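Here is a short briefing to keep beside you as you look through this protein. Have a look at the sequence and the model first, and then we can go through the points together.

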Amino acid sequence: MRMKTNFLFFLAVVMLLASCQKEVNFQDEQTSGGGGGTGNNNKSIIGDWIFAGMVGDTKSTVVFTDMGIQLKGVTTSLYYTKNNKGTVKITSSQFLFTGVGYDIDTTMHVKTYIDNVLLDDSDMPLVASTPPTDTKYDYVKNNADSLTLAGTVMSVSDPFSGGGPSGPSGGKISWSSDTLLITVKSHINTPISQGGTTGLLTGDLIGILKLKKK
């Protein structure tokens, strides 16, 4: 019972981190519930924008072994940010975020396994608030519908504390009327530890960053 309790506590923390992945590896605009973007990629992205929110569709898996027993958790979530605030200015070389913040209030679905036998299948709340923040990122536009950023606009752990992959990231550009859609894919594969036990966290995100023309 102690092992199960410790594992579920650890799993809850790790899944919160994984299910909030929003690293910007923009590749594909087919996020669930994100709204279909269109072409018109000859439009300029340079200008002033209102932060109109994000959509994230995530799946993450954590596996570790305790006393010779394999423990695994698989979490999926679909979130839409709300109470979005802030603006983004895009120049020929930078994204300038001013006062960008949002809330997340949804659920994530968690399956827990011991030696690949299903132990628990339940929903957990996913509630977080990111306060207004100012940041900036350099970028290079590769062609009409893709770009590469010098850093990750949204980290894997955001809005929770913790580390995650960093470095250049790429994105796909599309449009929905006057809304710019920057579509992302992200993957994480990293060791984790709890109580001296080392495990592995893997996760995938498909997401959309929405910017509405001012």
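K82 is partly exposed, with a relative accessible area of 38%, and its side chain meets that of D105 in a salt bridge of 3.6 Å, N to O. Please keep in mind that this is a predicted model.

**Salt bridges**
- K82 sits in strand β3 and D105 in strand β4 (residues 94-114), so this pair links distant parts of the chain, 23 residues apart.
- D105 is also partly exposed, at a relative accessible area of 49%, because that value falls between the 20% and 50% cut-offs.
- D48 and K89 join their side chains in a salt bridge too, at 3.1 Å from N to O.
- That pair brings together strand β1, which holds D48, and strand β3, which holds K89, across 41 residues.
- Both partners are partly exposed: D48 has a relative accessible area of 34%, and K89 has 39%.
- K212 pairs with D178, and the closest N and O atoms are 3.0 Å apart.
- Here K212 lies in strand β9 and D178 in the loop between β7 (169-176) and β8 (179-194), 34 residues away.
- K212 is partly exposed at 35%, and D178 is partly exposed at 32%.

**Strand pairing around β1**
- Strand β1 (residues 47-66) runs antiparallel to β3, with four bridges joining them; W49 stands opposite V88 of β3.
- With strand β9 (residues 197-213), β1 forms an antiparallel pairing over 15 bridges, in which S60 faces G203.
- With strand β2 (residues 69-80), β1 pairs antiparallel over twelve bridges, and F64 stands opposite L71.
- The hairpin of β1 and β2 has two residues between its strands, and M67 takes a positive phi near 55° there.

**Confidence in the model**
- The protein averages a pLDDT of 76, and 72% of the residues score at least 70.
- Confidence is highest in strand β3 (residues 82-90), at a mean of 96, and lowest in helix α1 (residues 2-19), at 42.
- Residues 1-35 have a pLDDT below 50, and this stretch has 145 contacts in the model beyond near neighbours in sequence.
- Residues 154-165 also fall below 50, with 38 contacts beyond near neighbours in sequence.
- Where pLDDT is low, the predicted coordinates should not be read in detail.

Technical notes. Residues are numbered from 1 along each chain as its sequence is written. This is a predicted model: local features need pLDDT of at least 70, side-chain atom pairs count only at pLDDT 80 or more; totals for chains, interfaces and linings use all residues. Side-chain values use heavy atoms; hydrogens and water are left out. pLDDT is the predictor's confidence in each residue, from 0 to 100. Contact means heavy atoms within 4.5 Å. Two strands pair if DSSP finds at least two bridges between them. A salt bridge is a side-chain nitrogen of Lys or Arg within 4 Å of a carboxyl oxygen of Asp or Glu. Buried means under 20% relative accessible area, exposed over 50%, partly exposed in between (1.4 Å probe, protein chains only).
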